[in-house]
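Subject: Structure handover

Hello,

Here is the structure you are taking over. Please open it first, then read on.

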Amino acid sequence: MATNSLFQNADNVSIVLCGQAGMGIQTVEFLLTRILKLAGYNVFATKEYMSRIRGGTNSTEIRMSSEAIGSSVSRIDILIPLNKGAIQHVEKRISPQTVILADKETIGEDFDQTRHKFVDVPFTKTASEIGDKIYSNVVAVGVMARMFGIELQTVSEFVGKFFSDKSGGVVQKNITAVKAGYKLSEDLQDSAGIGFNVNKDTNVEDQILLSGTEAVALGAIAGGCNFISAYPMSPSTGVLVFLAKHAKDFGIIAEQAEDEIAAINMAIGAWYAGARAMVTTSGGGFALMTEGLSLAGMLESPIVIHLAQRPGPATGLPTRTEQADLELALYAGHGEFPRIILAPGKVEDGFYLIQKAFNLADKYQVPVFILTDQYFIDSYYNTACLDLSDINIEKHVIKTDVNYKRYKLTANGISPRGIPGLGQGLIVVDSDEHDETGHITEDLDLRTRMVNKRLEKFELLKNETIPPQLTGPRDYENLVVCWGSTYNVVKEAVENLSKENVAVLHFKQVYPLPNETVNYLQKARKTLIVENNATSQFSKLIKLHTGIDIKNKILKYNGLSFYVEELSNKLNESLD
Amino acid sequence: MEAKSFDMADTDIAWCPGCGNIPILKILKQALAELEIKPTNLVLVSGIGQAAKIPHYLKTNVFNGLHGRALPPATAIKAANPALTVIAESGDGDMYGEGGNHFLHTIRRNPNITNIVHNNMVYGLTKGQASPTSQIGFKTPVQVNGVFLEPFNPLAVAIALDVGFVARAYAGDAEQTKEILKKAIIHRGYALVDIFQPCVSFNKLNTYPWFKEHTYYLEDHDPSDRQRAFKKATETDKLPLGIFYINSEKHTFEENIGLYQEKDAPLYERELDMEKLRSLIDKFKILL
């Protein structure tokens, strides 16, 4: 490789593939990310896509890096446009440094060397020579793999494995396509002077490549989930799909309900009979579940709700991202009852938080939310292998005797929970106000005691919160507050600042608000909050519970997550 | 077993004197006792409405959920622990109106539960508005010019969906209703029993004498004949009673989910195989 090659000194590279839905971008993304991981690079990928199955323009961003990464950048180092219009779709992200590897034959007049740095790569012609232009995606994988210096042997083997359920002829053609890509790449690197020298990371090998969806679904299994009922809705469906795929292996009932109302009522029924149940949904679907949420509040039923946010109101932008359903989760359901809201930042948080959610739900007999969003769900990167050594499935079900009372008034508000068929007691639960046995009552003094009993549990929840995580100097002057999926991007944006006095405070439990919150906020000379919504819902919640008003806000609500550079620039302007 | 096994120590029954729900409660206790179903092994699931109060007057496990939502939890309870006998019981407004979508899809799902619907053709708890089964011309404080919506026909809908078991009974006939209920409860799969029930306070049209006059029992009827069952279900001059249709060939939801072929243990007795989870997680290491 020539020492004057482009990107030679970069410690991370951003590659964007852009094309129509149905063109196979996802195959390239799948193969390339895994091959990079296999070769020992840190890798991150995310996608933005339209709500359609064919056509439109979608893009996938893949970052490879010598250091661990978990966020999206605006910068594109290498762009592979797969159709006409693709370049326009990402135009704002193209810089003079961006190299566009494009098939002139496919993108036609978009191929304009006066405007951008184009390199003509005949993906389609090469694929056609192998037998079908369908192989052009795999040709592209070969081109990229060679460019990153990954051995042909590794790539061929992995591609062969990926297509192993196809016929022998198809497997062979794909391997031929990879090899053809390699050949193309050799010529390119010489002519275009593209070369990379990103260092490998020895930690990567033992790590896992995990998406938000996979983290949540695996965490549910680790939480003892054996029942999921849901109605398909982007971006939450992947969790249902994953659990359905592994249902037989792990003894899970995975049922597609007729609507979200049925889904949550099924899940509550399942807990009643001794299962550990969850629902997975997005804003509009959860809106239908709010009556059922209130039922869980009244029955004091455990329930785990995975709410994968997308922009609203109403149908909004179905395949895009936002953090605008925090207040929905917080206030949903008529009447007053306690709840817990958790919001993963790092991908592995998705696993550990939902695992804990099942235990918390069972222990306190309350609804527990896992609040994710499309960006979290659809992004993935390599991370330390999930540690099962401290994982416990804490079951709080008791065997009842003949005098059992489901709603026995106790000192802390928690009545031991029995289930039908286990013991000699009868399990009576009622959505009406009820007496200790669970039967309907209009004794208004008892009503007050029952309300107090349910709310007493809220006091217990406040003492078992997950503290926010501080990253950066402990003697910070500027404090950047964030929650949920923005963790990685805020962290990387702050690292890129030239300022030394900035720390990040990330919340993965947003409700009840952790007790440590006030101290952290009071210590800062200046506080700033970053949220993927328009009205800064989390700062409102903080103000309500602490009286502290975070006046500086960086908010984004166009349907996309933050880019590192965009956030760095805004932080630079706002911080002292 | 005696019916009094299901008697509550003290109950303050909220139904009107002469209410058709009262005989249904008595008949149900008798049917359960004759089938030797233990109170601890039964779960009665209901929604909201006058009929939906029935679980509070019967000593057993109770899930008195939301209006219209009895069937989804009933399905899940049975799926989580198939050893339980599960009955979902509510009124016509609850099951066919608010819960209409669940009614359709529960028939399709075919869990091994019994669905008892007290059908009085009126809303009792909210004081006299039309229900999905109210007859054309029935005047109420809301339907001031009389009902003009086509009455919902639960039997015809169920037969159209190839339901496992569907019957219609009349609260005024204890003996026949009890026999129908017993057959429905032991049917393997979803069983619908729609029970005509006079509302003495809010339905002055469909009274005890009216039901006596306008119903008759199916005779020489082959319950495996779906076409004939459908024809019978659509009769309106006189309304047939009895078992309309049985399809015992269908697999139940619990059989179809595939968790109980190898072992009967309910979900609460099962433990996660951590080693299996560990090896699934290891696959995300992406090795050749």
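Below are notes on a chain interface and on domains.

This is a predicted model: local features need pLDDT of at least 70, side-chain atom pairs count only at pLDDT 80 or more, and totals for chains, interfaces and linings use all residues. Residues are numbered from 1 along each chain as its sequence is written, and chains are lettered from A and ligands numbered from 1 in the order in which they are written.

Between the chains

Chain B puts 46 residues in contact with 59 residues of chain A (contact: C-beta atoms, placed from the backbone, within 7 Å). On the chain B side, β2 (61–64), α2 (71–80), α4 (100–109) and α10 (274–282) each give two or more residues. Helices (H or I, at least four residues) and strands (E, at least two) are DSSP runs, numbered from the N terminus. The largest share is 8 residues, from α2(B).

β2(B) also pairs with strand β17 (residues 428–430) of chain A, parallel, over 3 bridges. Pairing requires at least two DSSP bridges between the strands. Val62(B) is the bridge partner of Val428(A).

Within chain A

An automatic or database domain assignment sets the bounds. Chain A has domain 1 (12–204), domain 2 (209–383), domain 3 (397–462) and domain 4 (469–574). The centres of domains 2 and 4 of chain A, taken over C-alpha atoms, are 25 Å apart. Here 24 residues of domain 2 are in contact with 20 residues of domain 4. Elements giving two or more residues to the domain 2 side include α14 (347–364) and β13 (367–373) of chain A.

Best wishes

Conventions
Contact = placed C-beta atoms within 7 Å.
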